[in-house]
Amino acid sequence: MSEKETIKINVEDLTLIFGKRKQEALVLLKKGVSKEEILKKTKCTVGVNRANFEISEGEIFVIMGLSGSGKSTLIRCLNRLNEPTAGKVFINGHDITRESNKELLETRRTEMSMVFQKFGLLPHRTILENAAFGLEIRGEKKELRDERAQNALETVGLKGYENQFPSEMSGGMQQRVGLARALANEPEVLLMDEAFSALDPLIKSDMQDELLQIQNKLHKTIVFITHDLDEAIKIGDRIAIMKDGVIEQIGTAEEILTNPASSYIEAFVEKVDRKNIITAETLMFRKSTIVQLKKDGPSGVIRKMRSVGLDVLPVEDENKRFLGYVWLQDLLALVEEKKTSIHEVLKTNVPSVYKHYTVEDMLPLISGIKYPLAVVEEESGRLLGLVSQTSLIIESTRFGKKEVDQLIEIANEI
Ligand SMILES: Nc1ncnc2c1ncn2[C@@H]1O[C@H](COP(=O)(O)OP(=O)(O)OP(=O)(O)O)[C@@H](O)[C@H]1O
Ligand SMILES: [Mg+2]
């Protein structure tokens, strides 16, 4: 997300009900009647149930959930391919649910484009003509649409294929054309519904990398639907998890893993490899006893160690910059020698990490050392907190959150 966030999409109490007796179903929904009951009573299907969220400019917002949870219905409400039954959808601050057809067409033309799972390429048109198709139906001049389509094809790595036909392209390449067609419109918002789901795993992974690269360059606002949790974690700045039309939780992958909102979410994310997701910021403890190099003498530090039951403590300078560690046995030697400064026993050759380091980044650093890892602020070098070896080792296992919490509790007791 960008530093200064502009809200690009804002969804308020968005509800979509399929069927004839929508209003009746809506009343029941507001009373808290379940999707199942509503279907029984009114023959209406609740597609989306009171969704609320904001998406910032430049953000990749992933919507995930099992089949039938309402992902497509929700994303299609964002450009009104589906007509919301209730609620509001603001794009760039204007409520598109209130727009006339003419205004809506203009919004779609200038503000968003969609990429579908089925690429929907026209077989008898060249790749260039396919990429330019969106612009063509908008009545843009040939020169402009060819130029933009050409640029978009280049962006997705298809330069040189302009005159080929879709049947001559692999699935991955066809989806690149689909993406180029959306990009050629130069939309601010890209809506991608399972755009990579039909691709082979390796090609899918390439496309994910490609999308992230494109995003680094173009900074679009992207709503990306997937039912693949690994894909959601790789692609998404934030993830919304849906169940039965309801958004159960929205957060970063790390927030969702460390703080699942319900037992459903917990089960959903149980099998995820946490090593690449959990960061130093989440694991560090902040309230550590710290030694000040200039202020604290050997016996003072020994007293501090006794009071917290540790034999090693971090040391900082007068500007709170992390310097290294001192050990009890070295301090005892200093006291015996009647020295007053701890300078000479300060060990500065120790690893430290930044708060965005993941467990995977940190694990190699703890082999052969017997003290916690210092987390320092990137710009100032100030000590932010410490990550214990125990928490790193526990997080590196593939246990779910419950087990991890239990293990950390046990580790803290022994
Ligand atoms: N046109 C429709 N008419 C009636 N019910 C529909 C329609 N489209 C979707 N639904 C229902 O709405 C609910 C949400 O469907 P939706 O297609 O949004 O799910 P999804 O999360 O996109 O699933 P998938 O992963 O299979 O694409 C489902 O219960 C589905 O049966
Ligand atoms: Mg769908």
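**View 1. Contacts across the chain.** Residues 24 or more positions apart make up 65% of the chain's contacts with a separation of 6 or more; a contact here means C-beta atoms, placed from the backbone, within 7 Å. This is a predicted model, so local features need pLDDT of at least 70 and side-chain atom pairs pLDDT 80 or more, while totals for chains, interfaces and linings use all residues. Residues count from 1 along each chain as its sequence is written, with chains lettered from A and ligands numbered from 1 in written order.

View 2. The chain has 18 helices and 16 strands (DSSP runs numbered from the N terminus: H or I, at least four residues, for helices; E, at least two, for strands). Its radius of gyration is 27 Å, well over the 22 Å the globule rule gives for 414 residues, so the chain is more spread out than a compact globule (C-alpha atoms; the rule is 2.2 Å times the number of residues to the power 0.38). The C-alpha atoms fill a box of roughly 90 × 55 × 35 Å along the principal axes.

**View 3. Two domain centres.** Going by an automatic or database assignment, domain 1 covers 7-122 + 192-248, and domain 3 covers 281-396. Their C-alpha centres sit 47 Å apart.

View 4. Three strands line up as 11-12-13 with mixed pairing, where pairing takes at least two DSSP bridges. Strand 11 (291-292) and strand 13 (322-327) are the edges. Strand 11 runs parallel to strand 12 (residues 312-316), joined by 2 bridges. Helix 14 (residues 298-308) packs on the sheet and touches strand 11, strand 12 and strand 13. Valine 291 has valine 315 of strand 12 as its bridge partner.

Methods. Contact = placed C-beta atoms within 7 Å. Axes fitted to C-alpha atoms, helices over the stretch in contact; angles between N-to-C directions.
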